[in-house]
Amino acid sequence: MARGVAGAQAGASKRPTGTAPPAAGPEAGRGEAVGPLERGLDVLRVMADSAEAVRPGDLVRATGLARSAVDRIAATLVHLGYLRAEGRDLVLAPRLMEFGNAYLDASGLSRALRPSLERLTRTLDESVSAIVLDGCDARIVGTAVPPGRVIPLGFRVGDLLPSERCAAGAVLATGWDPPTHEAWRARRAADPLDARFPAVPTRPTAPRPERTEADFASWTTAAAANGWALDDQLVAPGLVALAVPVRDPDGRPVCAISVLAHTSRHSADDLRAHALTEMNRAAQDIADALYGTSHPLPAAPPPAAPAYADAKPELGPSFLQALARGLAVLTALGGQRGGLTLAEAAEAAGLSYQSARRNLLTLSELSYVEQHGRRFLPGPRVLELGYARLSTLTLADIARPHLADLVARVRESASLAVLDGAEVRYVARVAAGQITSARITPGTRLPAYATSMGRVLLADLPRAQWPERIRSLRPQALTPHTLTSPEALTAAFAHAADDGFALVEQELEAGLRSLAVPVRDRSGRAVAALNVAMHAGPESPEQTRDTMLSALRACAARVEADLALASAHAPVETG
C-alpha cells in the first residue's frame, strides 16, 4: 500500500491535527452538507498523501468508510474532474489544483509574492520560500529557485512543515494566540516523530516534550527580538535557513520569507550575513504590495470552474449532490481577492443561500475556509489537497493521459512536441501499437519545417519573423513532396495560422501523414503542438482532416485547461 494510505487509516474523517477549535456557530441545517462533503474531503486527503495510484479498497481501509460510500464519492470526484480513473486505479487530476488556486487568488499572496521571490533568488542565488501559518504549523505558499541549478533545494507549494523545525515557524509563532499554542502541544503529543510531515525527515526518536517547548519558546523569543530566525540543520541535516516576517499594518506576522542553503555553500551565520538585508527589503516590498494603496493588486480572475451543475440525471445515485455543491462553493471563493460574502458565494456557485451557508459552515469547521468579517475565503489548508504533488507536473505529465484517450478514440499514434530552434522535440507520445506506427520516442528531434507540429508552432511566431526564420531553417527536400521554397513555406505557415491546424503529407518521410494543432498557454501563446501520425493510405488527406481534426482539437482543449490550472501561480516546465 502506498505511503500515506496506511497512515491515514487511523482517523481520516477527523478534523486535521493541529487545527484550532472552530468558532461557535449554528448547527441547524448543517447535516445535509457535512456528511458527503466531509467524507469527500477525507478521500481527497488520502489520495493526496499517497505516493502512487490508489484503489477503492485502499480508500475503504484508510477512511473506514463503506465500499458503497467510497464508490459514490469516487464516481462523483471523477465526474467533476478532480480524480482520474485509470483502470481500477484512481489518481489525482490537475483540476484538483482549483482549490489551492482559489486560496492563492483570494488571499492575493501569490501575485504579491512572485516578483519579490524571483528577484530575491536571483540576487542571493539560493532557494527562497514564502510560508504562512496553517493551524499551528507552517505551509509553503510560494517558491523560487535559482535558474540552472542542477539540484535545487527547497520545498513545494503546499508542503507542510513543523513550526518547531523551521525558521519560518519561529517567526510566525511570535504572533500565536493561546489556542494555537494548545493546538501545537496536542499535535506534538499525537505525532512526536513528525510522521505526518512527509516534506521533512521523520525524527529517529521522540524528543522530550518539555525540552521541545522550552527550546521553541526560546527560539521564538529571540525571533521576536531580532526580527529574524535562523535554522541550523533543524529542518533537515545539511540545510540551513533564515526567515524574516512580512507584517500587516498592525505589525503582526502574516507570512515569512525563508532562504534555504546547503551547508557546503553557507554556514548559518554566513547565510545571515549574506541574505538578511535583501530579505528584509523583499519582505517590505511584499507588505507594500499586499497592503499599500499606491499599487493595489487587481482582483483575482473568475474561477475556472463553472457554477454547480447537477449531474444526478446523468449519473443517478452514484452522484453525490452535497459533495459537488460543497466543492463548488470552495472553488467559487477564489473569484475575488478578499473572498466573498455568503450571498456572493451562493450566486457564484449557482446555489441557494441556505445551501451555500451549510457548506460554508462545514468548510469553516474543517479549517478549509476562513471568515474575515462578512467575507469567506479559502484557507491555506486547501493546499493539502494534492497541490504539492500536482504543482510539480510538467507539460508532458499533463498531456500524457489526454494523449492516451485520443489514441483510444482515433486508433492512431499521438504526440506532443515543443519548438527547439530549427527542430521540434518530442516530449510525450502514446503509440497506437499498429504495424505502421512510427518509431518515435520522447526526446526525438525532427526538422520543424517538414512536420505538422513544427508548422503550427512556427506559424504562431509573428509574421514579420517568418522570412528570417525560414532562411535559418535551411530546408532540404527529404522526399519529393517536401516544401522547401520560401514562398511555399510562407504559404504553409499562413494556412496553419489562419486554419488553426497543419496537415503534412509525406514531406518528412514517404508514406507518413500527420495532422497537428497548437496547445496554448494562458496568454494564448502556442507552447507546444499535438498531432496524430498515420500511414498515408487510401484515405485522402481531406478525409483524414475531416475524421481526425475535431478529436484532435478537443484533446488540445483538455490539455490547455489543465495547463491553465497548473500554471496559474507558477510556470510549468514545458521541455
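The structure is a predicted model, in which local features require pLDDT of at least 70 and side-chain atom pairs count only at pLDDT 80 or more, while totals for chains, interfaces and linings use all residues. Residues are numbered from 1 along each chain as its sequence is written, and side-chain values use heavy atoms, with hydrogens and water left out.

The chain contains 19 helices and 16 strands; helices (H or I, at least four residues) and strands (E, at least two) are DSSP runs, numbered from the N terminus. Of its 575 residues, 52% count as buried, where buried denotes under 20% relative accessible area, exposed over 50%, and partly exposed in between (1.4 Å probe, protein chains only). The accessible surface of the chain amounts to about 24,800 Å², and carbon and sulfur atoms contribute 52% of it; such areas were computed by the Shrake-Rupley method with a 1.4 Å probe, and for residues only the protein chains shown count as cover. Among the contacts in the chain with a separation of 6 or more, 66% join residues 24 or more positions apart, a contact being defined by heavy atoms within 4.5 Å.

The largest nonpolar core comprises 121 residues, and Ile257, Leu416 and Leu530 have the most contacts inside it. Helix α9 (residues 268-291) supplies the largest share of this core, with 11 residues. A nonpolar core is here a set of buried Ala, Val, Leu, Ile, Met, Phe, Trp, Tyr and Cys residues joined through side-chain atoms within 4.5 Å. When neighbours within four places in sequence are left aside, the contacts of leucine 416 include Leu395, Ala399, Leu403, Met453, Val519 and Leu530. Arg425 and Tyr426 are also among the residues in contact with leucine 416.

Leucine 161 is found in strand β5 (residues 160-161) and is buried, with a relative accessible area of 1%. The C-alpha atoms of leucine 161 and valine 235 are 8.2 Å apart in space, although the two residues are 74 residues apart in sequence. Not counting residues up to four places away in sequence, leucine 161 touches Asp137, Ala138, Ile140, Phe155, Cys166, Phe197, Ala199 and Val200. Alanine 62 and valine 43 are 19 residues apart in sequence, with 8.6 Å between their C-alpha atoms.

Several helix pairs were examined by their axes, which are lines fitted to C-alpha atoms, for helices over the stretch in contact, with angles running from 0 to 180 degrees between N-to-C directions. The axes of helix α16 (residues 452-459) and α18 come within 8 Å and cross at roughly 80 degrees. This geometry makes α16 roughly perpendicular to α18, since angles of 65 to 115 degrees count as roughly perpendicular, those under 35 as roughly parallel, those over 145 as roughly antiparallel and the rest as oblique. Arg455, Val456, Leu458 and Ala459 of α16 meet Leu489, Ala492, Phe493, Ala496 and Ala497 of α18. By class, this contact holds eight nonpolar residues, no polar residues and one charged residue; Ala, Val, Leu, Ile, Met, Phe, Trp, Tyr, Cys and Pro count as nonpolar, Asp, Glu, Lys and Arg as charged, and the others, Gly among them, as polar.

Helix α4 (residues 97-107) packs against helix α5 (residues 109-124) at an angle of about 80 degrees, with the axes 5 Å apart; the two helices are therefore roughly perpendicular to each other. Tyr103, Leu104, Asp105 and Ser107 of α4 form this contact with Leu109, Ser110 and Arg111 of α5, which gives three nonpolar, two polar and two charged residues. Helix α4 also packs with helix α11 (residues 321-332), at an angle of about 35 degrees and with the axes 8 Å apart. Here Glu98, Phe99 and Ala102 of α4 contact Leu327, Leu330 and Thr331 of α11, and the residues divide into four nonpolar, one polar and one charged.

Glutamine 233 has a phi of about 65 degrees and lies in the loop between β6 (229-232) and β7 (239-247); at 40% relative accessibility, glutamine 233 is partly exposed. Arginine 474, with phi near 50 degrees, occupies the loop between α17 (466-473) and α18 (486-499) and is exposed, at 67% relative accessibility.
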